[in-house]
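Colleague: Could you take me through this protein? I would like to discuss its fold and a few side chains.

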Amino acid sequence: MIAAGLVLSMGVVTSSAFTTVTMDRDANIDVVSDGSGIIAMQADPDSRVVNGTDTGALRIDFDHANKGVGVNVNSTYTVGSTSSPTSTYAFNLTNRNTAALDLTMGYTLDNTAVGSNVRFRLYDSTGTEVGTVEPGSQTVQTVTAGETLYVVIEVTGGADTADDLSGTLTVSV
């Protein structure tokens, strides 16, 4: 009978050992510009279409580049070079993490574009094309620590001046 009482008593203590805990840990989290982030995004210094904003975010801007208001109808614009993308590019993405990351990149249009298109072509450090992103599609690339991907942008203006290729480029891990 004494043994049974000890077992019951131990069971009650074990099941309610504690209900809350509070621990403090130090964190070092800075907010930095796109060019300094863990996933760094940097415009080609010679680009007149891709540049940084006052807040440090990368911006792709055909509307105000060279004081224009967009791309011409029935035209193709290439920002960067598909034959030498590591030296002439729109922007690059660098993994500044200490481990490889699977980067997903996609583009979503804000409006509709019937005959026009925008394409982001990704190249590795050897100049080999490793992925393409168009509106409604995405690509996933494994990027090793310290590796840089180079992006060339191709914009095709269709025949309709109502087409609007503005949208959101999303890069995620």
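Modeller: We can go through the overall fold, the aromatic pairs and a surface patch in turn. Please note that this is a predicted model.

Colleague: How many helices and strands are there in the protein?

Modeller: The protein has 1 helix and 11 strands. In sequence order the pattern is α-β-β-β-β-β-β-β-β-β-β-β.

Colleague: What share of contacts joins residues at least 24 apart?

Modeller: Counting contacts between residues at least 6 apart in sequence, 73% join residues at least 24 apart.

Colleague: And what percentage of the residues count as buried?

Modeller: Of the 173 residues, 30% count as buried. The accessible surface is about 11000 Å², and 51% of that belongs to carbon and sulfur atoms.

Colleague: Turning to aromatics, how many pairs are there?

Modeller: The count comes to 3 aromatic pairs. One of them joins Phe62 and Tyr77 in an edge-to-face arrangement, at 6.1 Å centre to centre with 80° between the planes.

Colleague: Where do Phe62 and Tyr77 sit in the chain?

Modeller: Phe62 lies in the loop between strand 3 (58-60) and strand 4 (75-79), while Tyr77 belongs to strand 4; they are 15 residues apart.

Colleague: Why is Tyr77 classed as partly exposed?

Modeller: Because its relative accessible area is 28%, which falls between the 20% and 50% cut-offs.

Colleague: Which residues form the nonpolar patch on the surface?

Modeller: Phe18, Val21 and Met23 form that patch, with about 380 Å² of accessible area together. Met23 is in the loop between helix 1 (2-15) and strand 1 (39-43).

Colleague: Is Met23 buried or exposed?

Modeller: Met23 is exposed, because its relative accessible area is 56%.

Key:
Residues are numbered from 1 along each chain as its sequence is written. This is a predicted model: local features need pLDDT of at least 70, side-chain atom pairs count only at pLDDT 80 or more; totals for chains, interfaces and linings use all residues. Side-chain values use heavy atoms; hydrogens and water are left out. Patches are made of residues with over 30% relative accessible area and no salt bridge: like charges are joined within 9 Å, nonpolar side chains (Val, Leu, Ile, Met, Phe, Trp, Tyr) within 5 Å. Accessible areas come from the Shrake-Rupley method with a 1.4 Å probe; for residues, only the protein chains shown count as cover. A salt bridge is a side-chain nitrogen of Lys or Arg within 4 Å of a carboxyl oxygen of Asp or Glu. Helices (H or I, at least four residues) and strands (E, at least two) are DSSP runs, numbered from the N terminus. Buried means under 20% relative accessible area, exposed over 50%, partly exposed in between (1.4 Å probe, protein chains only). Rings of Phe, Tyr and Trp (its six-membered ring) pair if their centres lie within 6.5 Å; planes under 30 degrees apart count as stacked, over 60 as edge-to-face and the rest as tilted. Contact means heavy atoms within 4.5 Å.
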